[in-house]
Amino acid sequence: MSIQKLSPVLATTYENFPKGRFITLIVLRTTHSETIFRTEGSGESMCNEFVQAGVNNDNIIQRLVMTKRKQVAPERRYGREHLRAHELLYSKDGSLCSLNTNAPCEMCVDCFLYGFAAGGGGAQKSRIWTEDAFSILSATDVVGDRTINAIYENGTMRDEKGNPSTALNTSEYIKPGVHFLDVVTLKDVTADELRYIVGNILFTSRYGAVSSRVGRMENQILGVFGSITELPSSLELVQATYDTLGEPLEHPLNIHRVIAATKQVITNWQNRRGVSVQLSDEELTNLITDVETHWSEAERDTFLKRLSQSYEPFRQVAPEKNKGKGKAKNKNTPVEVEG
């Protein structure tokens with residue numbers, strides 16, 4: 001089985017101290033609807049950066065950026081939905097563990113994997129290392145403008161008194177069929193933790209602002225590596241893939257071409273310093289099947305409870321905070337939370 005092949009870089013159980021075991025996931029993220037990667041309602045332009053087009057192409061282009069927080073936050077929320085459904089989130093100070101509230105429980109699967117930092121309490125560094133994902137094509141090729149208006153119930157832009165509606169503006173959006181390449185690094189994870197993380201990536205389908213109406217995206221894992229160090233960055237991957245695809249390139253790119261080019265690039269990574277394991281296409285398919293089986297309706301409860309139970313020896317009930325000035329100071333300590 002593919003999980004067994006990864007044994008040299010998998011932890012047998014959770015440990016407090018790192019031991020230099022890395023698993024790298026190569027993720028292709030493809031938009032299936034209009035998508036917006038910026039702060040909702042901010043009026044800012046789409047997230048983008050000027051970077052070199054390819055490794056061997058020194059032209060400078062403006063690429064769209066899917067920031068690390070825009071990736072991790074929806075995936076964390078997906079996993080937490082199921083932890084909540086199976087009653088695997090814990091309470092702290094009378095409040096159930098939740099994001100963006102400065103009250104992580106410090107004991108659930110999400111806290112142990114994705115980390116937390118709370119004023120006056122403990123801290124756990126995330127073991128899912130993410131970075132910005134970049135579009136293959138330039139922003140000018142894959143961004144469009146949409147005029148947004150809100151008509152009244154009479155079907156016009158004027159109310160019953162004849163006053164015009166002020167709800168009229170233009171907004172940028174990312175077109176459907178845009179490809180982002182991403183490198184996700186997992187540090188010292190167990191087999192069940194790997195299944196949990198991969199499940200969150202594969203099953204999360206909405207990203208970005210206004211995700212209740214737009215932001216549909218499909219994630220595919222194109223490669224899995226085991227090593228004693230990090231592999232090339234998302235930017236290096238997208239630049240090498242751009243070179244392999246060859247110019248001229250225009251939207252929409254054929255996804256099969258993108259997959260073939262990306263796999264051609266990462267095939268060369270198996271000879272990089274520090275790499276000890278690379279899953280073949282068949283082994284990768286088996287890994288995904290294994291993940292889907294553990295996340296299935298029949299096995300999900302057993303799987304999540306087994307994963308949660310694995311942290312039991314390391315769980316500590318947070319001591320009661322001291323009253324007075326120290327408590328007030330800690331209350332205002334900023335929290336590192338995925339946004």
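This is a predicted model: local features need pLDDT of at least 70, side-chain atom pairs count only at pLDDT 80 or more; totals for chains, interfaces and linings use all residues.

**Aromatic pairs and ring charges**

I looked up Phe203 first: it is partly exposed at 29% relative accessible area (buried is under 20%, exposed over 50%, partly exposed in between, with a 1.4 Å probe and protein chains only). Residues are numbered from 1 along each chain as its sequence is written, and side-chain values use heavy atoms, with hydrogens and water left out.

Next I checked the partner Trp295: the ring centres of Phe203 and Trp295 are 5.9 Å apart with planes at 70 degrees, so I logged the pair as edge-to-face. My cut-offs: rings of Phe, Tyr and Trp (its six-membered ring) pair if their centres lie within 6.5 Å, with planes under 30 degrees apart stacked, over 60 edge-to-face and the rest tilted. Phe203 is in helix H5, while Trp295 is in the loop between helix H8 (281–294) and helix H9 (300–309), 92 residues apart (helices are DSSP runs of H or I, at least four residues, numbered from the N terminus). Trp295 is buried at 4%.

Tyr78 and Phe203 make a tilted one, 6.2 Å centre to centre and 40 degrees between the planes. Tyr78 is buried at 18%. Ring pairs join Tyr78, Tyr196, Phe203, Trp295 and Phe303 into a cluster.

Last, charges over rings (NZ of Lys or CZ of Arg within 6 Å of the ring centre and within 35 degrees of the ring normal). I have Arg63 over Tyr242 at 5.2 Å from the ring centre, and Lys187 over Phe22 at 5.1 Å.

Methods:
Helices (H or I, at least four residues) and strands (E, at least two) are DSSP runs, numbered from the N terminus.
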